[in-house]
Amino acid sequence: MVRFITFEGGDGSGKSTQLRLLAEYLSTRGRQVVCTREPGGTNLGKMIRRVLLEAGDEKISPETELFLYLADRAQHVREVVTPALGAGKIVLCDRFTDSTLAYQGYGRGVDLRILEQLNRMASGGVAPDLTFLLDCSPELGLSRTAARMETQKPGGRREDRFERKEHAFHDRVRSGFLELARNDAKRVRLLDAARSIADLHAEIRAIVEPAL
Ligand SMILES: Nc1ncnc2c1ncn2[C@@H]1O[C@H](COP(=O)(O)OP(=O)(O)O)[C@@H](O)[C@H]1O
Ligand SMILES: [Mg+2]
(Lines give C-alpha, C1' and ligand atoms only; values in the text may rest on other atoms or scores of the structure.)
(Ligands and ions follow the chains in the order given, each with its own letter.)
Protein backbone atom coordinates (compact mmCIF):
# COMPACT_ATOMS: atom_id res chain seq x y z
CA MET A 1 0.00 0.00 0.00
CA VAL A 2 1.35 3.38 -0.98
CA ARG A 3 1.20 6.03 1.73
CA PHE A 4 4.33 8.16 1.46
CA ILE A 5 5.06 9.51 -2.02
CA THR A 6 7.99 11.77 -2.88
CA PHE A 7 8.71 13.88 -5.94
CA GLU A 8 12.32 14.29 -7.01
CA GLY A 9 14.19 15.93 -9.85
CA GLY A 10 15.95 19.14 -10.74
CA ASP A 11 14.62 22.67 -10.37
CA GLY A 12 11.88 23.34 -12.89
CA SER A 13 11.27 19.66 -13.63
CA GLY A 14 7.66 20.04 -12.48
CA LYS A 15 7.72 18.49 -8.99
CA SER A 16 5.50 21.08 -7.33
CA THR A 17 3.10 21.10 -10.27
CA GLN A 18 2.65 17.33 -10.30
CA LEU A 19 2.45 17.11 -6.52
CA ARG A 20 -0.37 19.65 -6.50
CA LEU A 21 -2.28 17.89 -9.30
CA LEU A 22 -1.98 14.50 -7.60
CA ALA A 23 -3.09 16.02 -4.28
CA GLU A 24 -6.15 17.56 -5.96
CA TYR A 25 -6.99 14.27 -7.60
CA LEU A 26 -6.62 12.24 -4.40
CA SER A 27 -8.68 14.78 -2.47
CA THR A 28 -11.54 14.55 -4.95
CA ARG A 29 -11.36 10.80 -4.45
CA GLY A 30 -12.00 11.36 -0.75
CA ARG A 31 -8.46 10.70 0.43
CA GLN A 32 -6.87 12.71 3.20
CA VAL A 33 -3.68 14.16 1.79
CA VAL A 34 -0.87 16.12 3.37
CA CYS A 35 1.33 18.11 0.99
CA THR A 36 4.72 19.03 2.28
CA ARG A 37 8.25 19.75 1.16
CA GLU A 38 11.91 19.81 2.00
CA PRO A 39 13.42 22.04 3.00
CA GLY A 40 10.78 24.16 4.71
CA GLY A 41 8.04 21.75 5.78
CA THR A 42 8.03 23.05 9.37
CA ASN A 43 8.48 26.46 11.00
CA LEU A 44 12.02 25.56 11.96
CA GLY A 45 12.51 24.22 8.44
CA LYS A 46 11.35 27.52 6.94
CA MET A 47 14.13 29.27 8.84
CA ILE A 48 16.61 26.71 7.56
CA ARG A 49 15.25 27.06 4.02
CA ARG A 50 15.77 30.81 4.20
CA VAL A 51 19.35 30.34 5.30
CA LEU A 52 19.99 27.90 2.45
CA LEU A 53 18.32 29.83 -0.35
CA GLU A 54 19.25 33.34 0.69
CA ALA A 55 22.85 32.73 1.59
CA GLY A 56 23.61 34.71 -1.55
CA ASP A 57 27.30 34.81 -2.29
CA GLU A 58 28.32 33.49 1.12
CA LYS A 59 30.38 30.37 0.70
CA ILE A 60 28.63 27.40 2.26
CA SER A 61 30.79 24.30 2.55
CA PRO A 62 29.20 21.08 1.28
CA GLU A 63 29.19 19.75 4.84
CA THR A 64 27.45 22.83 6.26
CA GLU A 65 24.84 22.63 3.53
CA LEU A 66 24.37 18.92 4.18
CA PHE A 67 23.78 19.38 7.90
CA LEU A 68 21.27 22.16 7.32
CA TYR A 69 19.26 19.89 5.01
CA LEU A 70 19.50 17.02 7.48
CA ALA A 71 18.40 19.25 10.36
CA ASP A 72 15.41 20.29 8.28
CA ARG A 73 14.58 16.63 7.57
CA ALA A 74 14.96 15.47 11.16
CA GLN A 75 12.40 18.03 12.30
CA HIS A 76 10.13 17.55 9.30
CA VAL A 77 9.82 13.78 9.64
CA ARG A 78 9.06 13.94 13.35
CA GLU A 79 6.75 16.94 13.25
CA VAL A 80 4.88 16.37 9.97
CA VAL A 81 5.48 13.12 8.08
CA THR A 82 5.28 10.52 10.84
CA PRO A 83 2.21 12.00 12.56
CA ALA A 84 0.38 12.28 9.21
CA LEU A 85 1.20 8.70 8.25
CA GLY A 86 0.17 7.58 11.72
CA ALA A 87 -3.19 9.28 11.20
CA GLY A 88 -3.69 7.26 8.01
CA LYS A 89 -3.11 10.16 5.63
CA ILE A 90 -1.31 10.06 2.32
CA VAL A 91 1.81 12.22 2.44
CA LEU A 92 3.11 13.87 -0.72
CA CYS A 93 6.54 15.38 -0.26
CA ASP A 94 8.44 17.68 -2.61
CA ARG A 95 12.05 16.41 -2.33
CA PHE A 96 13.33 13.98 0.30
CA THR A 97 16.33 11.71 0.91
CA ASP A 98 17.09 11.20 -2.80
CA SER A 99 17.76 14.92 -3.19
CA THR A 100 20.42 14.69 -0.48
CA LEU A 101 22.12 11.86 -2.35
CA ALA A 102 21.83 13.61 -5.72
CA TYR A 103 22.86 17.14 -4.68
CA GLN A 104 25.22 16.66 -1.74
CA GLY A 105 26.48 13.24 -2.90
CA TYR A 106 26.69 13.15 -6.69
CA GLY A 107 26.67 16.95 -7.03
CA ARG A 108 28.99 18.10 -4.24
CA GLY A 109 31.01 14.95 -3.73
CA VAL A 110 30.08 13.96 -0.18
CA ASP A 111 30.58 10.21 0.35
CA LEU A 112 27.40 8.35 -0.60
CA ARG A 113 27.65 5.66 2.06
CA ILE A 114 27.97 8.27 4.78
CA LEU A 115 25.01 10.11 3.28
CA GLU A 116 22.89 6.99 3.38
CA GLN A 117 23.62 6.59 7.09
CA LEU A 118 22.93 10.25 7.80
CA ASN A 119 19.71 10.08 5.77
CA ARG A 120 18.60 7.12 7.87
CA MET A 121 19.33 9.01 11.05
CA ALA A 122 17.59 12.20 9.91
CA SER A 123 14.54 10.36 8.59
CA GLY A 124 14.34 8.01 11.56
CA GLY A 125 14.05 5.21 9.03
CA VAL A 126 10.94 6.68 7.39
CA ALA A 127 11.24 5.94 3.66
CA PRO A 128 8.99 6.69 0.71
CA ASP A 129 6.84 3.87 -0.67
CA LEU A 130 6.93 5.46 -4.09
CA THR A 131 9.08 8.16 -5.69
CA PHE A 132 8.52 9.99 -8.94
CA LEU A 133 11.73 11.14 -10.56
CA LEU A 134 10.94 13.94 -12.99
CA ASP A 135 13.88 13.88 -15.34
CA CYS A 136 14.73 16.60 -17.83
CA SER A 137 17.82 18.45 -18.96
CA PRO A 138 19.00 21.17 -16.56
CA GLU A 139 18.58 23.65 -19.43
CA LEU A 140 14.89 22.88 -19.77
CA GLY A 141 14.33 23.05 -16.02
CA LEU A 142 16.21 26.31 -15.69
CA SER A 143 14.34 27.86 -18.61
CA ARG A 144 11.08 27.01 -16.86
CA THR A 145 12.10 28.51 -13.54
CA ALA A 146 13.52 31.56 -15.32
CA ALA A 147 10.11 32.08 -16.92
CA ARG A 148 8.43 31.58 -13.54
CA MET A 149 10.68 34.12 -11.84
CA GLU A 150 10.16 36.67 -14.60
CA THR A 151 6.40 36.45 -14.01
CA GLN A 152 6.77 36.80 -10.27
CA LYS A 153 9.30 39.58 -10.27
CA PRO A 154 9.71 41.13 -13.72
CA GLY A 155 13.29 42.13 -14.40
CA GLY A 156 14.26 40.88 -10.96
CA ARG A 157 17.54 39.16 -10.21
CA ARG A 158 17.41 35.42 -9.74
CA GLU A 159 18.47 34.86 -6.18
CA ASP A 160 18.19 31.12 -5.77
CA ARG A 161 21.60 29.66 -5.09
CA PHE A 162 20.94 26.39 -6.92
CA GLU A 163 19.78 28.22 -9.98
CA ARG A 164 23.08 30.07 -10.24
CA LYS A 165 25.21 26.99 -9.89
CA GLU A 166 27.25 25.88 -12.78
CA HIS A 167 26.26 23.59 -15.56
CA ALA A 168 28.51 20.68 -14.62
CA PHE A 169 26.99 20.55 -11.17
CA HIS A 170 23.47 20.22 -12.55
CA ASP A 171 24.62 17.50 -14.95
CA ARG A 172 26.13 15.50 -12.07
CA VAL A 173 22.92 15.90 -10.08
CA ARG A 174 20.85 14.70 -13.01
CA SER A 175 22.93 11.59 -13.63
CA GLY A 176 22.96 10.96 -9.88
CA PHE A 177 19.18 10.94 -9.79
CA LEU A 178 19.13 8.57 -12.78
CA GLU A 179 21.54 6.20 -11.05
CA LEU A 180 19.40 6.23 -7.92
CA ALA A 181 16.38 5.34 -10.06
CA ARG A 182 18.27 2.47 -11.70
CA ASN A 183 19.43 1.13 -8.33
CA ASP A 184 15.94 1.18 -6.82
CA ALA A 185 13.66 0.68 -9.78
CA LYS A 186 10.88 -0.82 -7.67
CA ARG A 187 10.41 2.37 -5.69
CA VAL A 188 11.56 5.06 -8.09
CA ARG A 189 9.49 5.67 -11.21
CA LEU A 190 11.40 7.54 -13.86
CA LEU A 191 9.32 10.05 -15.83
CA ASP A 192 10.33 12.12 -18.84
CA ALA A 193 9.63 15.60 -17.44
CA ALA A 194 9.82 17.19 -20.91
CA ARG A 195 6.33 15.85 -21.62
CA SER A 196 3.22 17.92 -21.04
CA ILE A 197 1.83 18.60 -17.59
CA ALA A 198 -1.37 16.70 -18.44
CA ASP A 199 0.47 13.65 -19.81
CA LEU A 200 2.68 13.42 -16.76
CA HIS A 201 -0.27 13.77 -14.43
CA ALA A 202 -2.13 11.00 -16.26
CA GLU A 203 0.85 8.67 -15.95
CA ILE A 204 1.32 9.48 -12.26
CA ARG A 205 -2.36 8.83 -11.62
CA ALA A 206 -2.18 5.52 -13.45
CA ILE A 207 0.71 4.43 -11.23
CA VAL A 208 -0.74 5.67 -7.94
CA GLU A 209 -4.35 4.55 -8.40
CA PRO A 210 -3.81 0.77 -8.28
CA ALA A 211 -1.21 1.14 -5.52
CA LEU A 212 -3.53 2.81 -3.02
N1 LIG B 1 5.56 19.40 -18.04
C2 LIG B 1 5.67 20.72 -18.09
N3 LIG B 1 5.71 21.37 -19.27
C4 LIG B 1 5.83 22.71 -19.33
N5 LIG B 1 5.92 23.52 -18.24
C6 LIG B 1 5.90 22.94 -17.03
C7 LIG B 1 5.77 21.52 -16.89
N8 LIG B 1 5.77 21.23 -15.56
C9 LIG B 1 5.89 22.41 -14.93
N10 LIG B 1 5.96 23.44 -15.79
C11 LIG B 1 6.12 24.86 -15.45
O12 LIG B 1 7.48 25.04 -15.14
C13 LIG B 1 7.64 25.85 -13.99
C14 LIG B 1 8.33 25.05 -12.90
O15 LIG B 1 7.48 24.00 -12.47
P16 LIG B 1 7.49 23.51 -10.96
O17 LIG B 1 6.40 22.51 -10.81
O18 LIG B 1 7.48 24.68 -10.04
O19 LIG B 1 8.92 22.77 -10.90
P20 LIG B 1 9.79 22.34 -9.65
O21 LIG B 1 8.87 22.31 -8.46
O22 LIG B 1 10.30 20.99 -10.01
O23 LIG B 1 10.88 23.36 -9.52
C24 LIG B 1 6.24 26.30 -13.59
O25 LIG B 1 6.02 27.58 -14.15
C26 LIG B 1 5.33 25.25 -14.22
O27 LIG B 1 4.09 25.78 -14.55
MG1 LIG C 1 9.03 23.31 -6.65
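## Terms and model

Helices here are DSSP runs of H or I with at least four residues, numbered from the N terminus. What you see is a predicted model, in which local features need pLDDT of at least 70 and side-chain atom pairs count only at pLDDT 80 or more, while totals for chains, interfaces and linings use all residues. Residues are numbered from 1 along each chain as its sequence is written, and side-chain values use heavy atoms, with hydrogens and water left out.

## Around ligand 1

Let's start with the ligand. Polar side-chain atoms reach oxygen atoms of ligand 1 from Lys 15 at 2.7 Å and from Thr 17 at 2.5 Å. On the backbone side, a polar atom of Ile 197 is 3.5 Å from a nitrogen atom of the ligand.

Now for an open space in the protein. The second largest pocket holds about 310 Å³; a pocket is an open set of points on a 1 Å grid over the protein atoms alone, where a 1.4 Å probe fits, with protein on both sides within 12 Å along at least five of seven lines, and lining residues have an atom within 4 Å of a point. Of its 15 lining residues, Thr 97, Asp 98, Leu 101, Glu 116 and Arg 187 are closest to the centre.

Helix α5 gives the largest share of this lining, four residues.

How values were computed. Chains lettered and ligands numbered in written order. Polar contact = N/O pair within 3.5 Å; in protein donor to acceptor, adjacent residues only side chain to side chain. Points joined across faces, edges and corners; volume = space filled by probe spheres on them. Helix = DSSP H or I, 4+ residues; strand = E, 2+ residues; numbered from the N terminus.
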